[in-house]
Every structure is written in C-alpha cells, then in structure tokens.
Amino acid sequence: MRKIMVFGAGVVGMTSAYALARKGFAVTVVDAGSSPAQGGASFGNGSQLSYFYTDAMASPSMATSLPKYLLGRDPAFRIELTLSPRFLAWGLRFLAQSTQTRFERNTVDILKLAMRSRQEFSELSMKIEFDHRQTGKLNIYSSQVGLESAKRLSGLKNRLGAEQVILTPDEATAREPALADYGHSFVGALWSPHDESGDCNLFCRGLRAILERDFGVKFMFNTRIRTLKAKSGRLTSFATDEDEIFCDAAVLSLGSSTATLARSVGLYLPLWPVQGYSMTIPATDLAPIANITDASRKTVFSRIGNRLRIAGLADIRRGDGDFRQHRFQTLFETAQGIFPKAGDYCSDVKAWNGLRPVTPNSQPIVGRTKFDGLFLNCGHGSLGWTLSMATAELLVADILTPSQ
Ligand SMILES: Cc1cc2nc3c(=O)[nH]c(=O)nc-3n(C[C@H](O)[C@H](O)[C@H](O)COP(=O)(O)OP(=O)(O)OC[C@H]3O[C@@H](n4cnc5c(N)ncnc54)[C@H](O)[C@@H]3O)c2cc1C
C-alpha cells in the first residue's frame, strides 16, 4: 500500500486524507494542534457552505475602493501596506485579477469547483453530526449598484445551474422573517436556495473518527513541522522540533502557513493571509433561519445548532494574525447594528480570529510540485470549507496520474 503524509489537519487536510484513504493510501496526518481544526481557519469560520455565492475577492469594486481600504475608511476591509517584495508581488498579481472579465471568470471557475464539492459532500454529510443545515442563503444589498452587479453575476451562475433569484425587500422579508428586525434599509436581496451551513470544526472532528475507524488513518498531533527537505528533485524528509522524519510523499495543506513551509525547499506560492474575525453567541428565536450575508457590511450570519455564528472583516497586513481587540469590536458593533435581536450579545460571546489563505485569483492551488512526492492543496481563501471536498478529489486524481 502506498504511504503518504498529509501536513495540516484543517478541513483541507482532513478531506485530503479522506479522499486519499478511500483510494487505498496509508495516510498519516501531521498537525501542530492537539486535534483537527484547532490551529487554523477551520475552527471558527463563517460556517457557510456557500456553494453558489462564490465571488472572487479581487473585483472591480475592490479595486475602486482601494484608497478607502488603505486609509482605513472601510470598517470591514483594511489594507496595511508593507514594503516586503513578497507582499508587493502578491498585491500586484491580486490587482491584475480585479478586472470585470477576470473577476467573472474566477467566480465562475470557483462556482464549478463548489458545485462539485456539493456533490461530494452529500454522502459524507449523512455520516457526521455537525449542525448541518440546508436552509439557503440571502445576500442583502443596501446599494443599487451592488444589487445590479449581483443580478448580472447571477445570470452567469444560473446558466450553470445555480437557480439564484433576485428578491425585493418585501419578498426577502417574506422568505426570511428575521429581516423584519434588520437594522438598516436595503434595496433587494439575492436568494441562493441550495446554499448550506454547518460547523466546520465539528465536521473535522467527526471526520477524524471515520478516518481512524474505517481507514486506519494515523494522526501525529502536537507536532510542528519546521522545514521540508528534498534531494535530487525528490522530497526526502521533514524536520519537527524533535526529529527529522523520513517521508517520500506528502501533501501540504497548512492553510496560511503553507507558503512558509514551501519556502524551505525553495517553492514560492502566491498566498497571502487575510485576517478575519468571528463571534459565536446564543441564538434567539429572532435569529435568521437562512444564512445571511450583508453584502455592504461584508458580514455573514449562520445558525449552528442553537448558536449564531457571525463572521467578517478582511485585514490584509503582515504578521501571524494577532487578535486585535478594536477590530473584533468593529465586528461586534456591526453585527449588533445589522441584527440587534438575533442573538444574546451580552453573555457568552466567543471571540475568534483566523487567516484566510488567499491567492490572487481566489482559486486554490492543487496538485504536484516540481519535487517528486510533494503535493499542494492550499490557498482556499474565503471558501475553504465550501471547496474542500472538490479539491481533495482533484488532488487525488493528480497524485494517481503518472508523472510525464
Ligand atoms: C473569518 C473567516 C470566515 C470564513 N468563513 C468561511 C465560510 O463561511 N465558508 C467557507 O467555505 N470558508 C470560510 N472561511 C475560509 C476557510 O475557513 C478556510 O479557507 C479554510 O478553513 C482553510 O482550511 P485549511 O485546512 O487550508 O487551513 P487551516 O484550517 O488554517 O488549517 C491549517 C492547519 O495546519 C496546521 N499547521 C499550520 N502550520 C503548521 C506547521 N508548521 N506544522 C504543523 N501543523 C501546522 C494548523 O494547526 C492547522 O490545523 C473563513 C475564514 C475566515 C478567517
């Protein structure tokens, strides 16, 4: 049986392990955390399985708002310029993806991946308890320009089977009664009936049980990988704090840390961490049933069990993503302004922040590298939970294809 290691036990590493184990590989998963999805973005993300709202991050509206982001005038989006060549190279490539043509092409490519993920998910989601909900999603627009752009894009997506519908405020409120308490005015909404949600952390824990029980997958937790080693164009080993471990086949799925580890063997990946925050509070009876994205305030709301998960903010800056209280406060106040009655904002507020591993075109990087035995599954940006099942399948297909 062919052996392979998966570096990273976030949702991308866990689904990679699942896809590999199902094809008969003997898999060992290595992670610095003490259990799956603890140390990265998969722990507290927005919970949305956003199969049909797949808009790329680099867009014409993002490009025109750049001065606002750089000056700190947008509560949800911030860019702190750093003079590192790596940042400038990533930033220029990101900007190059902001034209209307590229934005639409990237969005449609991600949509295709997301639709494949949805198919792959349907079977596995029956076997794991993760507060899965199939309630659809409403994107709420406060500006006519935003709504018009959503309308145009939904036309493209509907040709591929998205079945998205534009609703008036009255129609949206009839569909989602929680909008009666929406704290702002809005001009319309986009309804995506097939979007879903669920707790990504719970999913990863459930998947671990399946991997161990049904496939004999092994886990090495509390193991931080420091460097990779390669010789004569082949992966040979990796070093942890304690040991150097022989390994001739591995998948790098370390979320935002993937670029750092890849650099240890001279691979340069166009990945930048974009920091976001979430809060989880007890839901009230007035919490929305559908997933909600407030498009103007870039804030998402999802029910997970009897909790309400609220996520947002995108800070492009240097560093490992230290928690900044004032940024969390921005999310807290924005959420309270949008849905003041949807949750208990006074007690048991669980604050969290994480890093989205973002590529210039918002598309994941999947497959082989210039080193034999070294594969990538990373760069899932704002949609790693949603896209993970599809990229795991693509990864395995690439591993099984003989190299030229
Ligand atoms: C605020 C926010 C909201 C989001 N909302 C959504 C959403 O609603 N829907 C959606 O689809 N996506 C969402 N995302 C994106 C999604 O969470 C990520 O794309 C996804 O979790 C990435 O998964 P991953 O497995 O690649 O990385 P991670 O989950 O970050 O996992 C990486 C793993 O690697 C381990 N690791 C890192 N470095 C090392 C090392 N050197 N040695 C050993 N182990 C290491 C970490 O411990 C971690 O377990 C959101 C992200 C954020 C930040």
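A: Let's start with Thr299, which is buried at a relative accessible area of 2%. Here, buried means under 20% relative accessible area, exposed means over 50%, and partly exposed is in between, using a 1.4 Å probe and protein chains only. A word on the model before we go on: it is predicted, so local features need pLDDT of at least 70 and side-chain atom pairs count only at pLDDT 80 or more, while totals for chains, interfaces and linings use all residues. Residues are numbered from 1 along each chain as its sequence is written, and side-chain values use heavy atoms, leaving out hydrogens and water.

Thr299 belongs to strand S16, residues 299-304. Helices (H or I, at least four residues) and strands (E, at least two) are DSSP runs numbered from the N terminus. A polar atom of the Thr299 side chain lies 2.7 Å from the backbone oxygen of Arg297. That is a polar contact, a pair of N or O atoms within 3.5 Å; within protein, one atom must be able to donate a hydrogen and the other to accept it, and residues adjacent in sequence count only if both atoms are side-chain atoms. Setting aside neighbours within four places in sequence, Thr299 touches Ile292, Thr293, Asp294, Ile310, Ala311, Leu331, Thr334 and Ile338, where contact means heavy atoms within 4.5 Å.

Leu374 sits in strand S20, residues 374-378, and is buried at 1% relative accessibility. Beyond its neighbours within four places in sequence, Leu374 has contacts that include Leu228, Leu235, Ala250, Leu252, Val265 and Leu267. The C-alpha atoms of Leu374 and Asp248 are 7.8 Å from each other, although 126 residues separate the two along the chain. Val358, in strand S18, is buried too, with a relative accessible area of 2%. Among the contacts of Val358 outside its four-place neighbourhood are Met57, Trp90, Phe94, Trp272 and Gly381.

Gly381 takes us on to the ligand: a backbone N or O atom of Gly381 lies 2.8 Å from a ligand oxygen. Ile225 also takes part through its backbone, with an N or O atom 2.9 Å from a nitrogen atom of the ligand. Ser47 has a polar backbone atom 3.4 Å from a ligand oxygen. On its own the ligand has 1000 Å² of accessible area, and the protein covers 95% of it; accessible areas come from the Shrake-Rupley method with a 1.4 Å probe, and for residues only the protein chains shown count as cover. Helix H1 (11-22), strand S14 (272-282), strand S18 (350-358) and helix H11 (384-400) each give two or more residues to the shell. Of the 32 residues around the ligand, Asp31, Ser42, Gly46, Gln48 and Thr386 come nearest, and a residue counts as near when one of its heavy atoms lies within 4 Å. The shell has 10 nonpolar, 19 polar and 3 charged residues. In that scheme Ala, Val, Leu, Ile, Met, Phe, Trp, Tyr, Cys and Pro are nonpolar, Asp, Glu, Lys and Arg are charged, and the others, Gly among them, are polar.

Now for some loops. Asn222, between strand S9 (218-220) and strand S10 (225-231), is exposed at 58% relative accessibility. Asn222 is not a glycine, yet its phi is positive, at about 50 degrees. Asp348 likewise has a positive phi near 50 degrees, and it lies in the loop between helix H10 (325-338) and S18. Ala180, in the loop between helix H7 (169-175) and strand S7 (188-192), is exposed at 59% relative accessibility.

Finally, the whole protein. Its secondary structure comes to 11 helices and 20 strands. The radius of gyration is 21 Å, close to the 22 Å that the globule rule gives for 404 residues, so the protein is as compact as a globular protein of that length; the radius is taken over C-alpha atoms, and the rule is 2.2 Å times the number of residues to the power 0.38. Of the 404 residues, 54% count as buried. Among contacts with a separation of 6 or more, 77% join residues 24 or more positions apart.
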